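Dear colleague,

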Amino acid sequence: MPSFPPVGSVTICEINRDLITADEISEDRAREAYGKLLGVVFSPVPFQLENLSGGGVSTELGSEEQKSGFLWAALKALSTGSLKHIFHPIDVKLLPGVDICGLSWHQHKHIFAFISGPHQVTVCDYEDSDGKNPCILINESQKDVKTLEWRPNGGRTLSVACKGGICIWASSYPGNAASVRTGVTLGTLSRGSGTRWTLVDFLRSPEDEQVSALSWSPSGRYLASASFESSSFTVWDVAQGVGTPIRRGLGGISLLKWSPSGDYFFAAKFDGTFYLWETNTWTSEPWSSTNGFVTGAAWDPDGSKILISFSGSSTLGSIHFATKPPSLDAHLIPVELPEMQSLTGSEGVEKIAWDASGERLALSYKDGEEPCKGLVAIYDVRRNPLISASLIGFIRGPGDNPKPVTFSFHDKFKQGPLLSVCWSTGFCLTYPLIFRSHVLP
């Protein structure tokens, strides 16, 4: 039976179903545990709240004394009434339970981005100085950041959902400047390696709405977005800067997820309903839940199944498509997590992330007291013929009473699943999950 990591300890990595801990954050301990095996150590990235004014750009992350104890801006915003002017009253109460993606790994490079303030995004590149010199993206167009996602097959291009639209950032190199769409106000940041980040486009939402959900098509040509203030979601042809509304009457959308194959599209609402779309003709089938609203969703690697978590249940749902696209004939099958309730006492899953190999599942959950409070549960997953999950153990973050704010897997890390977690105590930590099918002898 998996045990909880001791209170005050910090998880370092997984080695063959054993989650290794240390007394404190330590690169030496990480190097000893996995660095020699992988040839890399993923340094922790500290972040802090800052009251950003309209002046210059700051890339300072604070003194050593300031690097812990700061709540992430998104966590603070979600727990206050500051969003009431953006979202409908019924949605404000539900918003903290939704898996708003605040961290995204690049598909093909060792680089990730996360929301590190109300109006800012931090980019950490482990291919450049081991990620120890992160870059902060700020622009006057980038206000009230809610979610972000790297563009597939689009170089270093990042989409950021904010008030009034979507910021599209791209990296530039000496002699290879990023192309800016006509009419867009430039914003650049310099970094030590010579890389510059440029705001190459701003996709403006109708009526200056707050964009709160994003999902790229696998090809990287189309970007889907949604707002609580809109009665439809929008599919953008990013190269043209043109958005097409899809299906009016779908207000209150909380999540969008394009399937890896591109054939299907998932949209969830706060009223407990969710929709499966086929993208050939953009037709859909509605589904409903008796276990609360959808808090998270993740596709399996081939796009034939999708895992869903619900606000009122410790059991996941797995939708299996019975036939090939564009058929919407599908079945909802429960995926039991018996240890979730017996070990933690939780009755609801908050966030989920599924590794692209389909072998590891990470999830956070509601409630629980020490020693099980504020942890990330790691599961070993089997997908054939049905999805089943076996609990490996729990990840504990740094500092006092850490809580996972957002987390995501690196989908193309060749040496196994790689999970990054932003903790409420002001650190973003990366955990290699190493087991026999990858690099162990």
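Y264 and W299 are both buried, that is, under 20% relative accessible area with a 1.4 Å probe and protein chains only. The model is predicted, so local features need pLDDT of at least 70 and side-chain atom pairs count only at pLDDT 80 or more, while totals for chains, interfaces and linings use all residues. Residues are numbered from 1 along each chain as its sequence is written, and side-chain values use heavy atoms, with hydrogens and water left out.

W150 and W197 are likewise buried, and they form a tilted aromatic pair, 6.0 Å centre to centre with 55° between the planes. Rings of Phe, Tyr and Trp (its six-membered ring) pair if their centres lie within 6.5 Å, with planes under 30 degrees apart counted as stacked, over 60 as edge-to-face and the rest as tilted. W150 belongs to strand β8 (residues 147-150) and W197 to strand β12 (residues 196-204), 47 residues apart; strands are DSSP runs of E, at least two residues, numbered from the N terminus.

Y264 and W299 form a stacked pair, 6.5 Å centre to centre with 10° between the planes. Because Y264 lies in strand β18 (residues 264-269) and W299 in strand β21 (residues 294-299), this pair ties together parts 35 residues apart in sequence.

Ring pairs also link Y34, F42, F47, W105, F112, F114, Y126 and F413 into a cluster, and the count of aromatic pairs comes to 25.

Methods. Helices (H or I, at least four residues) and strands (E, at least two) are DSSP runs, numbered from the N terminus. Buried means under 20% relative accessible area, exposed over 50%, partly exposed in between (1.4 Å probe, protein chains only).
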